[in-house]
There are 2 protein chains.
Amino acid sequence: MTSKKDMLDVLRHSRHDWLNVIQLIKGYLALERYDRIEEVLEIAIQQALNESKLSNLSIPNVSCYLLTFNWLQPPYTLEFEVMGEVTDLQSIEQELESLVRAAADLFKAHCSLERENHLLLTFQLFPDFLRLTFDFQGKLCRLEELETALKHVLQKREDSFELREEECVFSVCFEKK
Amino acid sequence: MTSKKDMLDVLRHSRHDWLNVIQLIKGYLALERYDRIEEVLEIAIQQALNESKLSNLSIPNVSCYLLTFNWLQPPYTLEFEVMGEVTDLQSIEQELESLVRAAADLFKAHCSLERENHLLLTFQLFPDFLRLTFDFQGKLCRLEELETALKHVLQKREDSFELREEECVFSVCFEKK
């Protein structure tokens, strides 16, 4: 059973996020920028669809971690997109969670606060496997140390690993069991 | 600690509510009814403010009950407003919760599904007490039985009790301890 205070806290954060969207629309309405309102609506709808799909993958720990990530004011903002048909990823949740958390923590430790930083996580869903792409844009420090640590986390499962001061991009496949 | 599945469920309901607002705006945008968009935004902002105030009254059980009430598809929709300065109602939460739940259940048992039914709960916050007004509009059945049951719940603490087939309105004061 949920603690009522936790529930109120979740609702408070969610309300805050949606009010930002509402305020944006209000601003563009005052400026008569109706084209921008349409954009804001489309982005909000698309994001809600991504959130809904993420919530339906039977990976509650990973979903909660990602859905609440930006509420803790991390040094980079996280965005995610979910492509493909919703499928059951329960069998790989543990492996997925530990990799996602480890990589997210490494980016926290190695990103510079001089610039805005952003991590886009793309879930590509296939019937038998998940392909997860990390795309970090911003400014990274101590690149060699980061590369060693990331490669240790990835255990040679990544493809097309790219790491530069302003970006880091790689994908990992998880086969369903 | 919150169960992750409960948390995802709360977020799913909240997302659904906000998406309704977004879809409404999208519809009015297509119709170029910008005045209506402004109304929708104002209502959404006002409701968020009410929700935020309700969440800050230190009555988590009552707040969660009311904030999630409409998610369970009750026979009437619940709306609430919170007027006055936010204050700490912890000392009266138990008494408040049992009265609110009992009255809400009685309206459930006595409302007719032939019409749309609606309950507006108004919290008027004063430094030393809370005045809570129930305003039910819709269609009620078995009025005598309802009156007896409500008066039993209220224990003569109500003022200006009105009960007719299409409405029921009364207020109760709760003194802070």
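Two strands pair if DSSP finds at least two bridges between them, and that rule sits behind every sheet view below. Helices (H or I, at least four residues) and strands (E, at least two) are DSSP runs, numbered from the N terminus. This is a predicted model, where local features need pLDDT of at least 70 and side-chain atom pairs count only at pLDDT 80 or more, while totals for chains, interfaces and linings use all residues. Residues are numbered from 1 along each chain as its sequence is written, chains are lettered from A and ligands numbered from 1 in the order in which they are written, and side-chain values use heavy atoms, with hydrogens and water left out.

**View 1. Chain A from end to end.** Chain A has five helices and five strands. Reading from the N terminus, its elements go α-α-α-β-α-β-β-α-β-β.

**View 2. Where chain A meets chain B.** Each chain has a share in this contact (heavy atoms within 4.5 Å): 39 residues come from chain A and 39 residues from chain B. Between them the chains bury about 3600 Å², 75% of it on carbon and sulfur atoms. Buried area here is the accessible area (1.4 Å probe) that two parts lose on being put together, summed over both. Seven residue pairs are in polar contact between chain A and chain B, both residues at pLDDT 80 or more. On the chain A side, the elements giving two or more residues are helix H1 (4-30), helix H2 (34-55) and helix H3 (60-68). H1(A) supplies the largest share of that side, 18 residues. By type, the chain A side divides into 21 nonpolar, nine polar and nine charged residues. For the record, Ala, Val, Leu, Ile, Met, Phe, Trp, Tyr, Cys and Pro count as nonpolar, Asp, Glu, Lys and Arg as charged, and the others, Gly among them, as polar. A polar contact is a pair of N or O atoms within 3.5 Å; within protein, one must be able to donate a hydrogen and the other to accept it, and residues adjacent in sequence count only if both atoms are side-chain atoms.

View 3. A:Glu42 forms a salt bridge with B:Lys26, with the closest N and O atoms 3.1 Å apart. A:Glu42 lies in helix H2 of chain A and B:Lys26 in helix H1 (residues 4-30) of chain B, so the pair joins two chains. The cut-off is a side-chain nitrogen of Lys or Arg within 4 Å of a carboxyl oxygen of Asp or Glu.

**View 4. The sheet of chain A.** Five strands make an open sheet with mixed pairing, in the order E1-E2-E3-E5-E4. Strand E1 (77-83) and strand E4 (158-164) of chain A stand at the edges, each with a single partner strand, so one side of each has no neighbour in the sheet. Neighbouring strands are turned by 15 degrees against each other on average, direction ignored. For angles, axes are lines fitted to C-alpha atoms, for helices over the stretch in contact, and values run from 0 to 180 degrees between N-to-C directions.

**View 5. Around strand E5 of chain A.** E4(A) and strand E5 (residues 167-175) pair in the antiparallel sense over five bridges, and a hairpin joins E4(A) to E5(A) through two residues. A:Arg164 stands opposite A:Glu167 in E5(A), while A:Leu163 has A:Cys168 as its bridge partner there. On to E3(A): nine bridges join E3(A) to E5(A), and these strands run antiparallel. Here A:Gln137 stands opposite A:Glu167.

**View 6. Helices lying on the chain A sheet.** Helix H4 (residues 93-110) of chain A lies across strand E2 (118-125), strand E3 (129-137) and E5, running at about 5 degrees to E3(A). Helix H5 (residues 143-154) of chain A lies across E4 and E5, at about 165 degrees to E4(A).

**View 7. Strands E2 and E3 of chain B.** Eight bridges join strand E2 (residues 118-125) to strand E3 (residues 129-137) of chain B, and the two run antiparallel. B:Leu125 stands opposite B:Leu130 in E3(B).
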